[in-house]
Amino acid sequence: MTEHLNLSGVSHGYGDRLLLDGIGLVITAGEHVAIVGENGAGKSTLLRILAGLEAPDEGTAASHGRVGYLAQTHGLPESFTVGAAVDASLASLRALEAELDRLEAGLADAEDDELETYGRLQTEYQLREGYAAESRVEAALDRLGLGGLDRKRTLESLSGGEQERVALACVLADPADILLLDEPTNHLDARGTAWLEDRLAAHRGTVVVVSHDRVLLRKVASTVIEVDAERRAVTRYGNGYDGYLREKAAERQRWVQQYREWIDAMEAEQRQADTVTDKMGYARQRDNDKVGFDFKAGTWQKAASSKVRNAQERLRRLEASPIDRPPVPLRLAAELAVEPEVPSGASVATTASGTTPF
């Protein structure tokens with residue numbers, strides 16, 4: 001398998017807001033990737049660019065292989081029946097079946113090139129498990145809580161959650177080489193989520209999923225790509241979701257330490273300047289030797305002034321190269337974790353069920 005996704009020098013935004021700035025990204029064949037980041041960072045935008053549904057403002061995006069895409073809102077015409085939605089999802093497979101039927105009818109008199117084409121298409125059909133497509137649709141609908149759904153019902157007659165589950169079943173009816181899924185568990189119950197986790201983990205092709213579901217991320221993702229809203233960049237982390245958490249914790253600890261050291265250095269230089277300034281002037285009583293006293297006092301003041309200037313210059317340099325205060329980490333519920341303290345009274349987001357770094 002050679003399919004993969006490639007972004008080169010991609011910049012993209014909306015209006016005056018730039019979300020991605022000159023990013024490069026390669027997702028290799030068979031890689032299972034989670035895209036994470038703060039809300040509004042550009043995760044869905046990145047997924048649409050990878051799917052080829054949105055062209056970047058700058059740079060290039062390329063995909064190699066069939067792409068199956070699921071948006072947070074399905075995008076299917078609400079006038080479609082469930083059956084029409086399924087048929088649309090299986091259109092390329094049905095076209096492959098029709099071509100095989102046509103070639104098969106003339107096999108007796110077929111030329112070598114036609115026999116070769118028939119063999120190639122037959123192999124593709126078998127790899128895509130075309131014979132099991134209908135049963136896959138039925139199984140998917142059943143596992144997603146839509147077993148027995150009348151195929152004649154229109155999508156507009158279904159609830160929003162039901163529509164999304166139909167769309168997910170359609171994407172998985174003929175699994176593409178590359179699956180791009182945006183928050184696929186939003187409308188699933190525990191049974192449906194567990195089934196989807198197993199299905200994606202077993203997918204032999206490439207999977208890229210945007211999700212806040214930590215269980216799904218642990219079971220599916222071997223790689224995590226974080227979209228950084230502040231830097232408008234992406235960062236790759238290996239070793240699965242747990243590896244991502246460990247690396248993020250270590251990064252944050254280093255950031256906190258650097259921030260502390262910067263604050264301490266700023267405070268030390270300010271104290272140095274203030275202390276010397278307080279001592280400047282005539283700090284001792286005059287003696288009878290006025291000339292000698294004035295000379296000594298003047299010499300001391302020059303030295304003190306130099307110390308103040310040096311401290312202020314060091315302070316200026318520190319201020320010119322600030323260490324940003326570490327942000328409060330994005331968190332998921334239902335898992336406890338200990339975070340390093342951040343100076344200056346940084347608050348920590350919490351939930352009723354605990355806190356989890358993300």
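Residues are numbered from 1 along each chain as its sequence is written, and side-chain values use heavy atoms, with hydrogens and water left out. Because the model is predicted, local features need pLDDT of at least 70 and side-chain atom pairs count only at pLDDT 80 or more, whereas totals for chains, interfaces and linings use all residues.

The protein has ten helices and nine strands; these are DSSP runs numbered from the N terminus, a helix being H or I with at least four residues and a strand E with at least two. Of its 358 residues, 41% count as buried, where buried means under 20% relative accessible area, exposed over 50% and partly exposed in between (1.4 Å probe, protein chains only). Among the contacts in the protein with a separation of 6 or more, 65% are accounted for by residues 24 or more positions apart; contact means heavy atoms within 4.5 Å.

Helix H6 (residues 160–173) packs against helix H5 (residues 133–143), with axes that come within 9 Å and cross at roughly 150°. That makes H5 roughly antiparallel to H6. Axes are lines fitted to C-alpha atoms, for helices over the stretch in contact, and angles run from 0 to 180 degrees between N-to-C directions. Angles under 35 degrees count as roughly parallel, over 145 as roughly antiparallel, 65 to 115 as roughly perpendicular and the rest as oblique. Ala133, Arg136, Val137, Ala140 and Leu141 in H5 meet Val166, Ala169, Leu172 and Ala173 in H6. By class, this contact has eight nonpolar, no polar and one charged residues; Ala, Val, Leu, Ile, Met, Phe, Trp, Tyr, Cys and Pro count as nonpolar, Asp, Glu, Lys and Arg as charged, and the others, Gly among them, as polar.

The axes of helix H2 (residues 82–89) and H6 come within 8 Å and cross at roughly 30°. H2 is therefore roughly parallel to H6. Val82, Ala85, Val86 and Ser89 of H2 make the contact with Val166, Cys170 and Ala173 of H6. Six of these residues are nonpolar, one is polar and none is charged.

H5 also contacts helix H7 (residues 190–202), the axes coming within 9 Å and crossing at roughly 140°. H5 and H7 are therefore oblique to each other. On the H5 side the contact involves Arg136, Ala140, Asp142 and Arg143, and on the H7 side Arg191, Gly192, Trp195 and Arg199. Here the residues divide into two nonpolar, one polar and five charged.

The largest nonpolar core has 49 residues, and those with the most contacts inside it are Leu90, Val166, Leu168, Leu196, Val224 and Tyr244. A nonpolar core is a set of buried Ala, Val, Leu, Ile, Met, Phe, Trp, Tyr and Cys residues joined through side-chain atoms within 4.5 Å. H6 gives the most to this core, with eight residues. A second, separate core of 23 residues includes Val10, Leu19, Ile35 and Ala51.

Leu200 lies in helix H7 and is buried, with a relative accessible area of 0%. Leaving aside neighbours within four places in sequence, Leu200 is in contact with His32, Leu179, Leu181, Val207 and Val220. Leu200 and Val220 are 20 residues apart in sequence and 6.3 Å apart in space, C-alpha to C-alpha.

Eight of the nine residues of helix H1 (residues 43–51) are buried, so H1 is largely enclosed by the rest of the structure. Just after H1, Gly52 takes a positive phi of about 80°.
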